[in-house]
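Me: I would like to go through this structure by question and answer, with the terms spelled out as they come up.

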Amino acid sequence: MTTQRFGAGIWHFATYLDRYATDGYGTPRSVIDAIDLAGQVRDLSVVDINYPFFGGDFSNAQVKEALDRNKLGVIGITPEIYTREFVKGSFTNPDAGVRRRTHEVVTEACDQVRYFGADYVKLWPGQDGWDYPFQVDYGTLWKHSLDGVGQLASENPDLKFVIEYKPREPRVRMSFGSVARTLLGIEKIGLPNVGILLDFGHAIMGGESAADSAQLAIDYGRLFGMDVNDNYRSWDDDLVAGSLHPIELFEFFYVLRKNKWEGVWQLDQFPFREDSVETANHAIDFLKAADKGLEALDIDALREAQSRHDAIGALKIAQKALFGAM
């Protein structure tokens, strides 16, 4: 078995603001600053990078130099198709000119994926959706979503595109809002290079079992990536992975391992008030304990308990393996 690899969104090492602390929770950082912080994290091997690069006008070569000196690779490029320019949507914007602009930005991100040798283009169309009844024509909205992604995937058959679904925020209802809806859309697109990036927090926030969602995506051959974090289920809090729902996260990892899914375990956390390096180290320590717990898991006993739908028997086996590894 290969050694488990760990990654993080580069935004984990940025600074943040919200509608209360409008001056931010720290001094502004550039993507170069963030990469240098990411390089201080134990066992971190790859990062997901926003495009355009934040905090300054940096060339690919400058970003690559920072990555190299920190011994980091790039797993994905996330085009920023959710900012003010796309306030009424990116793929689903009612203005055809903005939809063309979305295509241009993602196409530029495709070139970044090739330059950095990344695994995929990550699509998070956060402004695609609606807020009120009667606001949109649902059929038109869905068609624009699928046409936009499908065109990019067909034009770039050498690249993988992953859709990160989420129930809500910033839209009250997001176009790609659940694992089932996203899979339906991907199957309708019908191209082999479009898949899902399953964010654990988005799944549980939407009332899903993340383990079940992962199995469904795997069964359709569409699980291309994953992010981990935690939340209180009512909102996308992006807290430290394993801090609230460790046993559900362990089950999620179990489903991945059971299906021989060997991708990167990636952090998508927002440490507003915490030290970003310390927070990442703490999260990865938990992920490593979970990885160790999977090795200790009594698979035969678990399968036997599951064959009887024995909830308490199965929980005892899982809890013993996870908590015994910590």
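**Loops, rings and cores**

Reply: Phe 134 lies in the loop between strand 5 (129-130) and helix 4 (138-155), where helices (H or I, at least four residues) and strands (E, at least two) are DSSP runs numbered from the N terminus. The model is a predicted one, in which local features need pLDDT of at least 70 and side-chain atom pairs count only at pLDDT 80 or more, while totals for chains, interfaces and linings use all residues. Residues are numbered from 1 along each chain as its sequence is written, and side-chain values use heavy atoms, with hydrogens and water left out.

Me: Is Phe 134 buried or exposed?
Reply: The backbone of Phe 134 has a positive phi of about 70°, although the residue is not a glycine. Buried means under 20% relative accessible area, exposed over 50%, and partly exposed in between, with a 1.4 Å probe and protein chains only. Because its relative accessibility is 83%, Phe 134 counts as exposed.

Me: What is the relative accessible area of Lys 260, a residue in the loop between helix 8 and strand 10 (265-267)?
Reply: Lys 260 is a residue other than glycine with a positive phi, near 60°. Lys 260 is exposed, and its relative accessible area is 69%.

Me: Which residue does a cis peptide bond join to Tyr 51?
Reply: The residue lies in the loop between strand 2 (44-51) and helix 2 (60-69). With omega at about 0°, the cis bond joins Tyr 51 to Pro 52.

Me: What is omega for the peptide bond from Glu 169 to Pro 170?
Reply: Pro 170 is found in the loop between strand 6 (161-164) and strand 7 (173-174). The bond from Glu 169 to Pro 170 is cis, with omega near 10°.

Me: How many aromatic pairs are there?
Reply: Rings of Phe, Tyr and Trp (its six-membered ring) pair if their centres lie within 6.5 Å, and planes under 30 degrees apart count as stacked, over 60 as edge-to-face and the rest as tilted. By this rule, the count of aromatic pairs comes to 14.

Me: Why does the pair of Phe 200 and Phe 252 tie together parts that are apart in sequence, and how many residues apart are they?
Reply: The pair is tilted, at 5.9 Å centre to centre with 55° between the planes. Phe 200 is buried at a relative accessible area of 1%, and Phe 252 is buried at 0%. Because Phe 200 lies in helix 6 (residues 200-205) and Phe 252 in helix 8 (residues 246-258), the pair ties together parts whose separation in sequence is 52 residues.

Me: Which residues form one aromatic cluster with Phe 200 and Phe 252?
Reply: Phe 252 is also among the residues with the most contacts inside the largest nonpolar core. Besides Phe 200 and Phe 252, the cluster is formed by Phe 6, Phe 253 and Trp 265.

Me: How many residues are in the second, separate core?
Reply: Val 46, Tyr 120, Val 162 and Val 264 are included in this second core. The number of its residues is seven.

Me: Over the face of which ring does Arg 181 lie?
Reply: A charge sits over a ring if NZ of Lys or CZ of Arg is within 6 Å of the ring centre and within 35 degrees of the ring normal. Lys 160 lies over the face of Phe 224 at 5.0 Å from the ring centre. For Arg 181, at 4.2 Å from the ring centre, the ring is that of Trp 142.

Me: Which residues is Thr 102 in contact with, leaving aside its neighbours within four places in sequence?
Reply: Thr 102 is found in helix 3 and is buried, with a relative accessible area of 0%. Contact means heavy atoms within 4.5 Å. Leaving aside neighbours within four places in sequence, the contacts of Thr 102 are Ile 81, Phe 86, Ser 90 and Phe 91.

Methods:
Core = buried A, V, L, I, M, F, W, Y, C linked by side-chain atoms within 4.5 Å.
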